[in-house]
Amino acid sequence: MVTNPISNAEPKMRARDVSVYYGTKKAIDAVSIDIPTEYVTAFIGPSGCGKSTFLRTLNRMNDTIASARVEGRIELDGEDIYESGMDVVQLRARVGMVFQKPNPFPKSIYENVAYGPRIHGFAEGKADLDAVVERSLRRAGLWEEVKDRLEDSGTALSGGQQQRLCIARAIAVEPEVILMDEPCSALDPIATAKIEELIDELRGRYAIVIVTHSMQQAARVSQRTAFFHLGHMVEYGETSQIFTTPRETRTQDYITGRYG
Ligand SMILES: Nc1ncnc2c1ncn2[C@@H]1O[C@H](COP(=O)(O)OP(=O)(O)O)[C@@H](O)[C@H]1O
Ligand SMILES: [Mg+2]
């Protein structure tokens with residue numbers, strides 16, 4: 001079983017024998033992995049190998065896909081997130097998600113960030129909410145660019161700014177884990193570099209999991225890398241080890257560009 005060969009610390013999230021089906025088709029086969037906090041974990045592998053499917057199991061986003069069925073166990077701080085008593089709205093605040101295409105609400109910059117804290121009761125009154133909005137935008141590296149136009153629409157920002165706004169929105173509800181599914185794939189190289197810097201600044205506070213099809217990006221931003229192939233997690237280890245001395249032939253073939 002490939003779980004966490006690196007650290008003896010309690011993992012933030014723990015997956016055991018997780019399989020995912022779409023109808024009768026198995027997309028993920030018995031994946032077990034420990035996700036540490038204060039690190040960036042990258043999921044890499046060829047298109048269609050199940051990276052997004054597995055990522056979505058970590059905050060039950062697959063619940064929104066009618067044909068999807070998840071087997072196995074996933075824990076957040078030791079608690080089974082698929083148990084019947086789990087509040088999924090609460091779960092998705094604790095395990096936030098940033099998507100491939102920036103998806104701000106069609107509302108003001110301020111509202112994009114304020115919405116979550118307001119409905120989750122993280123702020124009492126206007127001054128409190130203002131402070132949460134400012135802190136989240138600062139942490140997402142966007143405050144200086146938007147502080148004078150908080151009432152402008154979030155959708156009027158550039159792509160890179162929109163993605164940082166989505167990160168600010170996720171941060172605003174004080175998550176413990178942030179899942180990012182190819183967060184830079186719609187961005188230019190400069191906006192991508194900004195997001196990568198930001199991920200590095202954020203990692204001390206959260207467990208971050210990033211799906212990326214770019215091995216260079218995985219090498220730049222992550223400390224742990226899991227390689228997926230055809231629904232299996234083939235290998236998981238320290239990023240430098242995966243890229244220099246992979247244990248599995250399939251990992252070796254992938255990182256040397258033999259397929260994918
Ligand atoms: N909503 C869905 N319905 C049916 N099949 C899906 C759905 N999403 C993904 N799949 C299938 O599951 C497999 C894994 O897909 P995905 O998790 O998107 O891979 P990746 O993110 O690594 O590119 C693929 O064969 C894909 O076609
Ligand atoms: Mg994907």
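In this predicted model, α3 passes α4 in a right-handed crossing, where right-handed is taken to mean that the near helix is turned clockwise from the far one by less than a right angle, and left-handed that it is turned anticlockwise. Local features need pLDDT of at least 70 and side-chain atom pairs count only at pLDDT 80 or more, whereas totals for chains, interfaces and linings use all residues. Residues are numbered from 1 along each chain as its sequence is written, chains are lettered from A and ligands numbered from 1 in the order in which they are written, and side-chain values use heavy atoms, with hydrogens and water left out.

**Helix packing**

- Helix α3 (residues 109-119) packs on helix α4 (residues 125-139) at an angle of about 115 degrees, with the axes 9 Å apart; axes are lines fitted to C-alpha atoms over the stretch in contact, and angles run from 0 to 180 degrees between N-to-C directions.
- The pair α3 and α4 is therefore roughly perpendicular, given that 65 to 115 degrees counts as such, under 35 as roughly parallel, over 145 as roughly antiparallel and the rest as oblique.
- Between α4 and helix α6 (residues 159-171) the angle is about 130 degrees and the axes are 8 Å apart, which makes α4 oblique to α6, and this crossing too is right-handed.
- For α3 and α6 the axes lie 7 Å apart at an angle of about 25 degrees, so these helices are roughly parallel to each other, and their crossing is right-handed.
- Helices here are DSSP runs (H or I, at least four residues) and strands likewise (E, at least two), numbered from the N terminus.

**Contacts with ligand 1**

- An N or O atom in the side chain of K51 is 2.9 Å from an oxygen atom of ligand 1, and a polar side-chain atom of S52 lies 2.8 Å from an oxygen atom of the ligand.
- For C49, a backbone N or O atom lies 3.3 Å from an oxygen atom of ligand 1.

Definitions and conventions. Polar contact = N/O pair within 3.5 Å; in protein donor to acceptor, adjacent residues only side chain to side chain.
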